[in-house]
Every structure is written in structure tokens, then in C-alpha cells.
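Open the model in your viewer and keep the selection tool ready. We will go stop by stop.

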Amino acid sequence: MKFGSIQRGAAVAGFALAAFATAALAEDKVVNVYNWSDYIDESILEDFTKETGIEVRYDVFDSNELLETKMLAGGSGYDVVVPTGTFLSRQIEAGAFQKLDGDKLTNGDNMWADIEDRTAAYDPDNAYSINYMWGTTGIGYNVAKVEEILGADAPVDSLALIFDPDNAEALAECGIHVLDAPTEIIPAALTYLGFDPDSKDPEVIAKTESVLMDIRPHVQKFHSSEYINALANGDICVAFGWSGDVLQARDRAAEADNGVEIAYSIPKEGALMWFDQMAIPTDAPNPDNAHAFIDYIMRPEVMAKASNYVYYANGNKASQEFLNDDVIGDTAIYPDEDTIENLYSVTAYPPKVNRRVTRLWTKVKTGQ
Ligand code: N2P
């Protein structure tokens, strides 16, 4: 009797082990995605699950620094993440990502060579990532309130709207938000001062400190996602933010029919053009599902659905015929040649410079 039950126990344990091994090989029916907030039409996730049976566990962030901390620490549990190119390049060097398996990405031909040329600056040969969205960092504003405060010739198309302390002081009464993104705001302040936005010279970068310290008392918040609703509700009148987010604010105000009119401008002095890239962490628990998810996103209709919803351009050429006119036809989203000339890109700060940038930014945010 006793012997028998031991036998049975061993058999059960053996069966459990076998089942576990099979499940591990086949991967759980789940993909863990970590993407920017306000960056997808959620019906895309539901459709993916309906078609593949793979459940999408979807978390969001609004800061590259936060994502980077998780990627460099390892063990994040994520299968797909979306760093911006500048951060991606550093994380690739640190070994945080695995090469994409081209055999598992049947939709590779849909990608847009012009954008791949640009993203290769961060990910040579685009071996580790595909472009999800790209956009610009510029000015979102409440048309009526800014005019009311600064007059009809308010410099809404200039960095001076925010970086000139007189303007910032006047606009403080209706509210200014600035992205909590030092690697984007410092290049903008450099541009305002007439320097190379991609400067890595600590002395040059240090010159932005006075510009930023002068406006900080007038900035209600350094934050990278709250400005969408704050603009839409009329709680703030200016945001230095991301193109598509501002356009989403414009739509939310229109839907609420609250009389708030929001517009986006690319500053005439120049604006940052950035690229957010989908990549698979080296230690992703479900790399096959990650490839399946990325391949699904790379379908022209799916990618177009995403852009039509979030008002960002994407790196998928084949998606363009499915884009709405107010997306493909808007030069704030798909810039024409004149607009493109006004855009710059940046590269990652070397570690030492990056530490100085982080210190400078802490001072800007805390005042000390
Ligand atoms: C989406 C913001 C993504 C742009 N809310 C930042 N790279």
C-alpha cells in the first residue's frame, strides 16, 4: 500500500514536471507589453488576443529614465518595451535586448526605408528594434487663453513662448506644464540659445541652467502625461510636450465640447524629432509571443489604426494608405519637406555627461 502510494506520488510529480516543461517550451499564452501611456488604440490589443489566443498584459510609463532603470536592472518580466532611439542605443550596448528574429517577422517589408535609415543611427541595421511611432517635441497651447494674455501676436510658434521668462511669468496664471524629460528639454533650451541641440560639451550644456532656472518658478509642473487632460480641460494653457499627445488633447476638448481649442506648433527655431522603437528584452519570458505581437503591429491596417488614434506618425510605409486624412495630411504629424528641415535629432549622452544632465535636471525640478 505504502509503496504503491509512493509510486503514484512519483508518477504525479513526473507528470507535473513534464507538463511544466511543455508549457515552458510552448510559452504561456501571454505577452507582457510595456509601452508609453496614451499610445495605442486598445481595441488592437483585444483583436490580437482574439486572433492568437495570446493575452496581452499591458503596462504604461511616461519616462525613458524609468524604463531604462528597469531594462538595466534586468528581470523586468516584459516581453516588448518601447524606448526612444537615444535610450535604446545605450541599452543595446548594455546587452538589454535580443536581436529580432527576421523569420518570425513576416511583415518586415512593410517598413519605411526613410525611417529605418534614421533609426539605424540608434540601432545599426535595425537589428534589435522596429519603429513604432515617431514624432516631435513642441508647443501645445490653448489658442484663446494665450491670445488673451499675450495678445494676437503671441509667439506661439517660438521657443520664446516658454523660455522667455516674461512670457512664462505672464502665462503662469493660466498654467504651464513642461515634460519631465531632460534629454529633450535641454536640447530645446540649447536651440533657444543658438547652440547645437546635440552638444555633448558640459560647458555648453551648463548654459541651459539659467534659462531653465529662470522659468522654473512659472512652471506648474514638470510632468510627461498629465498635460493631455490638463490642456483639454482648460486647467493649463501651455505645455511643452509631444506632438500626438497635444493633438489627443485637442480631440478630447472637442469631444467634451467645452469651448477649449488646443493647437500644436513646431517651434520655428527647430524641434526634436524622436523615434520610439519596439524591442524585446534579453530575458523576456515569452520571446515568441513578443515576435508575434510585434509582427501583428507591423500589419499595415493595424499600424494605421494605431496612428489614427494617437496622432503620431509611424515607420510603416504600407500603413499610409489606411491613414485618415487628418493624420497623413497634417504636417504636424507627417511633416512635409519644409517642416522636416526644421527638425533635428539627437544622440545619447555619454555616461559622464548624462550624470551632469541628471544633476542639472534635479536642480531645475527641485530648485536646489
Ligand atoms: C505618448 C508619448 C510618447 C512620446 N504619450 C515619447 N517618446
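This is a predicted model: local features need pLDDT of at least 70, side-chain atom pairs count only at pLDDT 80 or more; totals for chains, interfaces and linings use all residues.

Residues are numbered from 1 along each chain as its sequence is written, and side-chain values use heavy atoms, without hydrogens or water.

Color by domain. Domain 1 covers 3-135 + 274-334. Domain 2 covers 136-272 + 342-366. These bounds come from an automatic or database domain assignment. The C-alpha centres of the two domains lie 29 Å apart. Their contact (heavy atoms within 4.5 Å) takes 22 residues from domain 1 and 27 residues from domain 2.

Next, select the ligand. Show the residues around it (a heavy atom within 4 Å): Trp 36, Ser 37, Asp 38, Tyr 39, Thr 84, Trp 242, Asp 245, Trp 274, Asp 276 and Tyr 312.

Now pick out polar contacts, pairs of N or O atoms within 3.5 Å. A polar backbone atom of Ser 37 is 2.6 Å from a ligand nitrogen. At Asp 276, a polar side-chain atom lies 2.7 Å from a nitrogen of the ligand. For an N or O atom in the Asp 245 side chain, the distance to a ligand nitrogen is 2.9 Å.

Terms used. A polar contact is a pair of N or O atoms within 3.5 Å; within protein, one must be able to donate a hydrogen and the other to accept it, and residues adjacent in sequence count only if both atoms are side-chain atoms.
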